[in-house]
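Dear colleague,

A short account of the findings comes after it.

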Amino acid sequence: MVLDKITNANDIKKLTQEELQQLPGEIRQFLIESLSKTGGHLASNLGVVELTIALHLAFDLPADRMIWDVGHQSYTHKILTGRKDKFATLRQFGGISGFPKTQESDCDCFNTGHSSTSISAGLGLAASRDLNGESYRVISVIGDGALTGGMAFEALNNASKLESNFIIVLNDNDMSISPNVGGMSQYLGSIRTAGAYQDLKNGVMESLYKIPVYGERLVNKIRRTKSGIKQLLIPGMLFEDMGILYLGPVDGHDVDKMTAMFQKASRVAGPVLVHVLTQKGRGYEPAVRHPARFHGTEPFEIETGIAKQKKKKAAYTDIFSTVMRKLGDRDERVVAVTAAMETGTGLKRFHNMFPKRFFDVGIAEEHAVTFAAGLAAGGQRPVFAVYSSFLQRAYDQVLHDVCMQDLPVTFAIDRAGITGSDGETHQGIFDISYLMTIPNITLLAPKNKWEFSDMIKFAIACGRPAAIRYPRGEAFDGLKDFRAPIQYGKSETLYEEGDVVLLAYGSMVKTALEVRERLKQAGVACGLVNLRFAKPLDTQMLSQIAKSYQLAVTMEENIKTGGLGEAVCAYLREAALDLPVIQVAIKNQFLPHGNVEVLKREAGLDVESITKQILRSTTVIRK
């Protein structure tokens, strides 16, 4: 196999032309076979095989710096930099990440995971290069979906001032996770079809480049001229009007054309954008037909594309989908907002039923929150469905635009807690802490699927900012008989006995049930309270348990700093209530990628670790 000849960065440059033609097929076959066993981001990686090959042929790593926006499409880059043999450990604890990681390779120059950041990071590297008097090239790869993010436009605006080379590669596959929406998508679509214009522009530029000595100077002078040829050839061209040279579009599956284009781009003394057209899922028919489903996939059967392990129970996202559809029927004021995550957040059914009340704003969480605030100010009841990790990008908007005005926006925070294989950038372990600081917001978390349904209805009806956090995966279906009505700021006492009380929040109620059983087997009886609300805290309940128990254990799937446990301790201290508290939470750290259960054990959130910690404390109390 040709692929076996690539064990280090730049080995690709040693291949013959015949071997280079064979390489894309081998990489695709390797990715399909490998990810069918481990799972991972398949469709996006299949789409950038030739693009990555061309980049590695045109540039030298690690001397040149290449930044992948989001980074889930960097698998071919990892293969070409000597990490093929580690793919059996992809996204597993202790294995290689599904995203670029500077700790893995010096060919990964910047860690990414959230979208719309690569241009800003690349611009910073280019500025640093110039300050240090160095000459390496900087390439920022960004997708058309990520280009809907406001941060990308802020970076483009800043990049236009640069007077040294900086290459932006726009990977245009007409998709983010769900199909792209909005003006930028339509604009890029018009460029795709403007073949006659592109032939004219490229022909003129090619001719000028061929003029000895003066050709490149002429091109650069034309690019900087605000009147003249640019207006004649490219009227209204967004990027060039911003001061960024535009090259393309070029076929993203033609290695030779892209390599030549990248080499040309590297000669430009200023920012240049190369527009590359790719097909998401290319080379694997199930991924081509269903790119959203194969964006991030579990292990699957290669022949059919069907997941090997079928989901047995409804996930919290499924419950959310059902409840939103029902609420949409009952109340015309209920509207749904997503940031390019219609399928991932479970809003597809709502979109199908109520298309005029569904809003996909693209990958733009900050805009999504303020847009929702505007909807609420106009009399609607917006629900913004978003992953926990992505909502933190809109902290300022939650604070200023929603909570400061006390507007009735509901935040449905999916993937809260430890999410697993996507690693540091996607773990939802900070939302309790960063939302607890904001006045006027109500924070809830359900113990099971029935309480989740009740909480969605309660949050929308309460008429104020409210956030419900819920985990990834199957919805807990235990404690069915415990369904006390949701009352604002009130917890739910499940069991009252013993000297120890477990104060569990959301997903940790299930864990607390198992801990309680383990403690009972060890001869320690304990009570259990489903907190329901992190904000406001049920202070009346806390005052009562301080009189009834000798030890309280707070349990949350969030970092300890600024979390629920600290809030409980602060109240007890301020109220001069003498009750020892064990805070079960994640220490202030970034969690790596890996299986959720493994990560919980590493973080001390598993049943065995919690039980041992409590038993040690109860022994001290008894003595």
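The model is predicted: local features need pLDDT of at least 70, side-chain atom pairs count only at pLDDT 80 or more, and totals for chains, interfaces and linings use all residues. Residues are numbered from 1 along each chain as its sequence is written, and side-chain values use heavy atoms, with hydrogens and water left out.

The protein has 25 helices and 17 strands (DSSP runs numbered from the N terminus, helices being H or I of at least four residues and strands E of at least two). Of its 623 residues, 59% count as buried; buried means under 20% relative accessible area, exposed over 50%, and partly exposed in between, with a 1.4 Å probe and protein chains only. Among contacts (heavy atoms within 4.5 Å) between residues at least 6 apart in sequence, 76% join residues at least 24 apart.

The whole structure holds 30 salt bridges, each defined as a side-chain nitrogen of Lys or Arg within 4 Å of a carboxyl oxygen of Asp or Glu. Arg532 pairs with Glu492, with 3.5 Å between the closest N and O atoms. Arg532 lies in the loop between β14 (526-530) and β15 (533-535) and Glu492 in strand β12 (residues 492-495), so this pair ties together parts that are 40 residues apart in sequence. Both Arg532 and Glu492 are buried.

In the bridge between Lys84 and Asp85 (3.5 Å, N to O), Lys84 is buried at 16% relative accessible area, whereas Asp85 is exposed at 68%. Asp130 meets Arg129 with the closest N and O atoms 3.0 Å apart; Asp130 is partly exposed at 36% and Arg129 is buried at 3%.

Ala9 lies in the segment before α1 (17-38) and is partly exposed, with a relative accessible area of 23%. Not counting residues up to four places away in sequence, Ala9 touches Leu61, Leu80, Thr81 and Cys107. Ala9 and Lys78 are 69 residues apart in sequence, yet 9.2 Å apart in space, C-alpha to C-alpha.

Lastly, Lys457 belongs to helix α20 (residues 449-461) and is partly exposed at 32% relative accessible area.

Yours sincerely
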